[in-house]
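Please look over the sequence and the model first, and then read on.

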Amino acid sequence: MQALNLYNTLTRKKEEFKAINSPYVGMYVCGPTVYSDVHLGNCRTFISFDLIYRYLTHIGYKVRYVRNITDAGHLEGDGDVGEDKISKKAKLQQLEPMEIVQTYTVDFREVMRLFNTLSPSIEPTATGHIIEQQEIAEVIIKKGYAYEVNGTVYFDVEKFAKEYNYTALTGRKLEELLENTRDLDGQGEKKGRLDFALWIKAKPEHLMQWRSAWGNGFPGWHIECSAMSTKYLGEHFDIHGGGMDLAPTHHTNEIAQNVAYCGKQPANYWMHTNMLTVNGQKMSKSLGNSFLPHELFNGSHPLLTKGYNPMVVKFFMLQTHYRSTLDFSNDALNAAEKGFMRIAEAYKTLKNLKTSATSSENITAIETACYEAMNDDFNTSVLIAHLFDVVRIINSTNDGKATLTQKDIDLLQKIYSSFVFDVCGLKFEEESSEAKNTLGKVVEVVLAMRVKAKEEKNFQLSDEIRNKLTDAGIKIKDSKEGSNWSL
RNA sequence: GGUCCUGUGGCCGAGUGGUUAGGCUCAGCUCUGCAAAAGCUGCUACUCCAGUUCGAACCUGGACGGGACCUCCA
């Protein structure tokens, strides 16, 4: 297995990845809350971890990838105030909470399918693990790191922080957190202002509630991840991931819960993906500046001048490293679209390349460089730069300006198959349906007529044919060997 | 206000103490009846100020700008 370096939020540096029980790898990623449509920011995170999952698998690891579905709702406020978001929307629309959850879960999976991401190994739901969450809360109470007030169970952060490093993940100072926590309503029940709920007492009108030792209620925001990661990956596993915005609160609290529960920090490597921005601002549900994926695909959002194929969007995202912010704009998307099309076109050209006895290019070096890029914290920006080298070589060879042996052509094929398809999870438009075959024959007939016109130097007619085909969406490219066409 | 991150060419976006990122755009050339495509060439940057260094866009300090988190969010 080759050496893979990845950036660990816990240590704030790149480290060599060492699996606890190689070749097996356990990876947990915080999934979506299904009370509304997924937006692109969510998608970027899941596309990034899909890439990580794909690459780990590609280099030989057997990965169990767990990504939860949060279907139990989160509170809007802190502590015991606020309302379960899923119940709120349900009441608003007169729907069952699980109906909302179902709608958006299906939608989420459909969007992930369009982005050609692989399904996680396990996709557990919070509502399916209420018992496990209660058990963890019970143990934490027994160990003295949580207390119950009026049917709500709080985690005692100050007590925990005396014995363990509560802010290990972010490196923040506890005193500063205590000083800077904003004043919020409903602090009354909690002993400390940083305390957070493990279990929350439900009001009678709450639609989603479960029986517990502390009365009817529902789980707190962070405990589902502790429960489900422990259940499916054990108390100690390899990689835990999520969006960067989860690190200070959600992941910090999750670590505290796990440590309080079993004395172990759950994951060796904590990986965080950066935010997607629109006009320089974080794309977020609460800011209302998020595009829905389908608005991007069909170009219906006011900020967009046209729609983009999901593969173009994915390629656009992969051009930026996962730990950098990525800003959305039409110009950037258009540039990505052209680049992606070039990579796709070159793949077609590759299949028809002429073989030479010798190669003028070092293809093995490119393959090595691709692995080096990925081994350096999944650097897809650099990987894609190498892929454009591949494109240039293919086109040069096609133009007769470079030569390749069959072995090198096969290697180029392998680079596409490994990196473009397997690792990046990109795919090109399918070409060989029945309809297209028929269309192809028709186009060939028309092109043959155009060749005749050209032979007769009737350029007016040949241009007219080309223009009309262009209007019909068929692009004509003339070359020495004849004319090519594409949709 | 506090903590942290960040500032690269017309645009997007990597990276490194001294060596080409890459893509898109634009201009020129080759090819072509023309066009398109492709190839080649050019436009060659690193917010500002000070310091460390033989040498800094890359290290240090400061200034200014942007962002994230501190409140549910991927």
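## The surface around the RNA

Which of the 69 residues around RNA strand B come nearest? They are Gly41, Gly243, Ser324, Gly339 and Asp478, where a residue counts as near a strand if its C-beta atom, placed from the backbone, lies within 6 Å of it. By class, this surface has 19 nonpolar, 30 polar and 20 charged residues, with Ala, Val, Leu, Ile, Met, Phe, Trp, Tyr, Cys and Pro counted as nonpolar, Asp, Glu, Lys and Arg as charged, and the others, Gly among them, as polar. Helix H13 gives the most to the surface, with 8 residues; helices (H or I, at least four residues) and strands (E, at least two) are DSSP runs, numbered from the N terminus.

This is a predicted model, in which local features need pLDDT of at least 70 and side-chain atom pairs count only at pLDDT 80 or more, while totals for chains, interfaces and linings use all residues. Residues are numbered from 1 along each chain as its sequence is written, and chains are lettered from A and ligands numbered from 1 in the order in which they are written.

## Helices H12 and H13

The axes of H12 (residues 363–375) and H13 (residues 380–398) come within 8 Å and cross at roughly 165 degrees, the axes being lines fitted to C-alpha atoms, for helices over the stretch in contact, and the angles running from 0 to 180 degrees between N-to-C directions. This makes H12 roughly antiparallel to H13, since angles under 35 degrees count as roughly parallel, over 145 as roughly antiparallel, 65 to 115 as roughly perpendicular and the rest as oblique.

On the H12 side, the contact is made by Ile366, Ala369, Cys370, Ala373 and Met374, and on the H13 side by Val382, Leu383, His386, Asp389 and Val390, where contact requires C-beta atoms, placed from the backbone, within 7 Å. These residues divide into 8 nonpolar, 1 polar and 1 charged.

## Helices H7 and H8

H7 (residues 223–233) and H8 (residues 247–262) pack at an angle of about 55 degrees, with their axes 8 Å apart, which makes H7 oblique to H8. Ile223, Cys225 and Ser226 in H7 meet Glu254, Gln257, Asn258 and Tyr261 in H8, a contact of 3 nonpolar, 3 polar and 1 charged residues.

## Backbone details

Ser22 and Pro23 are joined by a cis peptide bond, with omega about 5 degrees, and Pro23 is found in the loop between strand E2 (13–16) and strand E3 (24–29). Arg12, although not a glycine, has a positive phi of about 60 degrees.

How values were computed. Two residues are in contact if their C-beta atoms, placed from the backbone, lie within 7 Å.
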